[in-house]
Amino acid sequence: MPAAAPPYPARTIDISTGWEGRLVPTLDNTWGDLALPAGSSVDEPQIWTMRWTETDAPEAHWEQTRATYGNRVRVLPPVPAAKAPGPLDRASAARVLAGELPLVAPDEDWAVSLYSSSRGIPDPDGLLGNKGLVTEEFVRVPVPGSGSVARVRAIVETDHRGTADLHVGAAAAKRVWWNGEQVPTGSGYLVTTRVEVAQPHNILEYELSEAQDRPSQISAKAHAPLGSYFCLSRPDGFAQRPQFMCLPEGVCPDGSVTYRGRLRLPCDDARAVLVVGAAAGVTVLLDGAIVARQEKVEYYESDWGAVPMFFRHELALGAGDHVLEVVADSVLARDVVFVDLVACAGSDATALVSGAGWEAETGEWHGRTAESAGRRGELQHCHAAVRPHPLPDAEWLTGAPVLGVAVLPVRSTDDVRERAQRFRFTVPPGTVSLDLPLELPARVRIADAAEQPLDRRNLTLPQPLGEPTEIEIVTAPTAVLRGGSAWRGPVRVGTVPAPLPLGDWRSLGLGGWSGGVTYARDLEVPPGPDPVLDLGRVRGSVAVHVDGERIGEAFCAPYRFGLPGAAGRTVRIEVTVHNTLAPYLAEATPTAWAFPSQLSSGLLGPVTLRLPDSDAGE
């Protein structure tokens, strides 16, 4: 237990220096909670945040970047439709790709939007953390309301050649151009069109309009940005995705609505997962037999209606034709229903998803459903099985798709001119090796030493570093792999015990470390009454050992510990500071739920030995 301050005079010895630090891994990824595949090591420090510039000038402007976050698109905020710039035509697109024209006119108000091919947008703004998934929507624009349009434009690089499906998702009306030619688009959240890819660089442009100002979800707020995504897949490889369905405009429910879908399975013994979402009560029937009942829930009733709740059901299905019916207790025209049924037999998977075209009936009316318009946030957390993620490298968290195949790898930029890049970051004392997952040839400089070619991804140092040290990486020129997208992942640092100063771990090259650090030193304690160890300021929980024996622990101030039996001896003191998950989650994942106040960690000190006056009690 922490010791109380002595009630009598004491003299103090400052012991803030002379400590050796040893990293103590504590994260457990046995079940794949932090990264897939399960068991992937998270035992080494990871460096994600770096300083970055694209110029060699002495007065270079350094920006902060984060590994993998560097794909660039240009976004034009909403403008009146009549004043919107015209889309690039075929000739203009060719000139942009030849470097003769900029992607966007300098006098127009296009902003730069960044995203990661594995982690999505840098700031999910509360839209991710409660679901623990990489967002599918990785390009956001202010909401284009009635009479206005927003634009997205990017140079897309891909190694694929030939026919591909181009997908653009957004809860808005859409127009899409590929290399300056407008392509056919339907209605609904997701539009898919077939394109020919004949060159490595292509220009994608799409326009968004007629979006609702506020999404109908729990965290809904006015003026929340409108999200969108784009990707390329092999033909028919993106898999069907469920959307909310409703009755056609003008048809009002007559107390209940029956939604009917049909599914054919090629083999017996299929195990099926069914997810049904609704704000009204629903009864679920399979081949005429009731298999589930969901009552109306109003956990989050609001001025735009109750938020739909989702329930999961497991079914066994045989070969042949099946009819699924969802009967909603519905009297409101705004009521909607979500259905995702995925049946798996061996490696085969078959899906029945809600959307436009289901049979529906209410009262005397019979007809077909419509896809519900409006913004309801992402639905991937409600899927009965994993679909391909629009981002090509998101399987580290979502896993491989059960339906469809992974999307084609693409990268995006806003300029075809090639530039060299420089990255700088700090590694901790005791560093002996660096794993540098760069996508480009590069040179490396350690502290003030001369640059040397980086021949391999793994760099082994001739001896451990004795202090926090700056590393600089200079890459070959590139137009596409700019900023954080030049890195497939973080720098991973191999360390050994080394002298470690007190201070915030972020200043020591350990900003993303969520394990522990053991500070150790030998201490000659003067004779007399037993002393008190005062650690000063600490960010984290603490355990203190003397000569291998635990003498106390604390998770809040004051961090004071009596050292019984230490007087007059030389003892080995070990202070282990344990961190929270926040620094790792903030650096290595796209969660929105790690806050700045949680990111400071370490033994800050000053650390002192308080020696009671042996004459004070006489």
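Reader: Which residues are linked in a network of salt bridges?

Author: The model is a predicted one, and a salt bridge here requires a side-chain nitrogen of Lys or Arg within 4 Å of a carboxyl oxygen of Asp or Glu. In this structure Arg-51, Arg-422, Arg-424, Arg-445, Glu-470 and Glu-472 are joined in such a network, and the search of the whole structure finds 38 salt bridges.

Reader: How should I read the pair of Arg-424 and Glu-472, and what do the two residues tie together?

Author: Begin with the contact itself, then ask where each partner sits. The side chains of Arg-424 and Glu-472 meet in a salt bridge at 2.4 Å, taken from N to O. Arg-424 belongs to strand E29 and Glu-472 to strand E34, so the pair ties together parts that lie 48 residues apart in sequence. As for accessibility, both Arg-424 and Glu-472 are buried.

Reader: With which residue does Arg-482 form a salt bridge, the closest N and O atoms being 2.9 Å apart?

Author: One such partner is Glu-54, with the closest N and O atoms of the two residues 2.9 Å apart. This pair links distant parts of the chain, since Arg-482 is in the loop between strand E34 (469–478) and strand E35 (491–495), while Glu-54 is in the loop between E4 and E5, 428 residues away. The side chain of Asp-414 also meets that of Arg-482 in a salt bridge, again described by an N to O distance of 2.9 Å. Here Asp-414 is in the loop between strand E28 (410–413) and E29, and the two partners are 68 residues apart.

Reader: Is Arg-482 buried or exposed, and is Glu-54 buried or partly exposed?

Author: The reasoning rests on a cut-off, because buried means under 20% relative accessible area. Arg-482, at 5% relative accessibility, therefore counts as buried, whereas Glu-54, with a relative accessible area of 22%, is partly exposed. In the other pair, both Asp-414 and Arg-482 are buried.

How values were computed
Residues numbered from 1 in each chain as written. Predicted model: local features only at pLDDT ≥ 70, side-chain atom pairs only at ≥ 80, totals over all residues. Heavy atoms only, no water. Helix = DSSP H or I, 4+ residues; strand = E, 2+ residues; numbered from the N terminus. Buried < 20%, exposed > 50% of the residue type's maximum accessible area, 1.4 Å probe, protein only.
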